[in-house]
Amino acid sequence: MIVSQKNLQEAKGILVLPFFDDGKQVVSVYDDKPIRFAGLSKDEFDGKLGKTAIMNDKFGFRKVLLYGLGPEKEFQLDFAREMAGAAVRYALSLKSKDVNVACKKEWAQSVTEGLVLASYKCIKFKSKVEDYVPLERAYVVSSGNAKAEIEKGFILASAQNYVRDMNENPANIATPEKVVEYAKDLAKQYRLDIEVLDKDKLAKKKMNAILGVNQGSVKGAYLVTLTYNADKRNLPLYAVVGKGITFDSGGISIKPSKGMDSMKYDKTGAMVSLGVMKAVAELKLPFRLMSTFTVTENMPSGSAQKPGDIVTSYLGKTIEVLNTDAEGRLILADTLTYAAEKKPSLMIDLATLTGACIVALGRVRIGMFSNDDRIAKIVYDSGERTYEKVWRLPLDKEYSEMIKGDLGDVRNIGSESGEGSTITAACFLKEFVGETKWVHLDIAGVDHVTSSHPYLDKGATGIGVRLVVDCLENLAKK
Ligand code: BES
Ligand code: ZN
Ligand code: ZN
């Protein structure tokens, strides 16, 4: 799909027109005599948030969809994304190939994001698609020149859709080997440095925490590192680290079969680290970036890791694996140590790490942890701006006490009862980051949506791309 700007005189077909609940026009459509709610009665349309009304043949358009934004003083940019989502769905329902969305210039980036995100639909696994006419063009109708805003929104949302599209691939398609190919394709396209450590190399480096998780699988394990601007040594270096479990069966501590299919999304962190890289390379942002992730399956078998096993991590700390389903933190232990060796000025990891995070925060906010208050604040603000919202959770030493090992140095779970287990998981990761400034994002609750969302179809969300890019961009400015 293409998104560009049009002025009202050129626009044709379907127009989506926003109103606050006071009825005043937001965008000058009929300058000479502004009409409250385009002339509709309060019963027909009241401008309340998310409310719509359809007008036929108004101002020379085929259809005009009035869209309510609620009270002006409560406006948030995400409402603009939601409006764009409604615009796309309305256009699709009319089988129109294009749509126009009127908005303020300051909303153009968000509107573009909403348009691009709402028009992604995963149809690649259907042998035949009936009754679906994809949107080809969308126009942002605003005053002033919004070219830069539209371009930025398009790049960010396209990177997010790229993550959604890879993430939707099930475990028989997105094997660890295939995920390595995704990374190689990206490296080729954007001329990035790439390093792939396979099982032999992981064994040479004694990355036993990764290898233990892979042990039950017939497929490989790979630690992949892509670097953008690798030779620009004077620029700050950031690292985005991802959990890439292509399927989490739980291993010997096997999961219940109900809903196990959703464990194809356990690679989200790794996919987001690729999506961030894609966006950063396209935006040509002024810093160096490492995208580092480990991919493997977590499977039960005669060769699988067993509860009680003790492994020596890459860092040298010994880990008692008391539950093989707490595998994300095991692969991240070695991956974080490896990324930290490159001395990034910040390391952000993303992982679908704990079910307990969904209990704590539901499917709304990302669980955020950090060993640096200033950076935690920057991430929080980025969350509010991008609407990929985070909530900080603590890393007190009392929680670290809960993962002290009996035989080994650390255990991979806290109590059997699971008390505070989102936090003990984060404390486990902290054992492997050393002095590096670090942020951990537990994205377990937000990796996919189970029912339709205002601008995301049911399925993978690709959440994290816009959040992390916004955060790095702001950090590099400071
Ligand atoms: N991948 C899961 C976490 C998860 C659960 C993500 C549900 C999305 C939805 C992770 O590897 C896991 O299994 N964690 C366990 C940890 C427990 C054994 C301490 C969990 O959360 O139950
Ligand atoms: Zn697990
Ligand atoms: Zn997992």
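These legends describe close-up views of a predicted model. Local features need pLDDT of at least 70, side-chain atom pairs count only at pLDDT 80 or more, and totals for chains, interfaces and linings use all residues. Residues are numbered from 1 along each chain as its sequence is written, and side-chain values use heavy atoms, without hydrogens and water.

**View 1. Donors of the zinc ion (ligand 2).** D248 (OD), D325 (O), D325 (OD) and E327 (OE) coordinate the zinc ion (ligand 2) at 2.0 to 2.2 Å. Donors are N, O and S atoms within 2.8 Å of the metal (3.2 Å for Na, K and Ca); water is not among the atoms, so sites may look incomplete. The donor residues follow the spacing D-x76-D-x1-E in sequence.

**View 2. Two zinc ions and D248.** The zinc ion (ligand 2) and the zinc ion (ligand 3) lie 3.2 Å apart and are bridged by D248.

**View 3. Accessibility of D325 and E327.** D325 has a relative accessible area of 22% and is partly exposed, whereas E327, at 0% relative accessibility, is buried. Buried means under 20% relative accessible area, exposed over 50%, and partly exposed in between (1.4 Å probe, protein chains only).

**View 4. Helix 10 and helix 13.** The axes of helix 10 (residues 373-386) and helix 13 (residues 465-477) come within 9 Å and cross at roughly 130°. Axes are lines fitted to C-alpha atoms, for helices over the stretch in contact, and angles run from 0 to 180 degrees between N-to-C directions. Helices (H or I, at least four residues) are DSSP runs, numbered from the N terminus. Contact (heavy atoms within 4.5 Å) involves residues including I375 and I378 of helix 10 and L467 and C471 of helix 13.

Note on methods:
Chains are lettered from A and ligands numbered from 1 in the order in which they are written. Helices (H or I, at least four residues) and strands (E, at least two) are DSSP runs, numbered from the N terminus.
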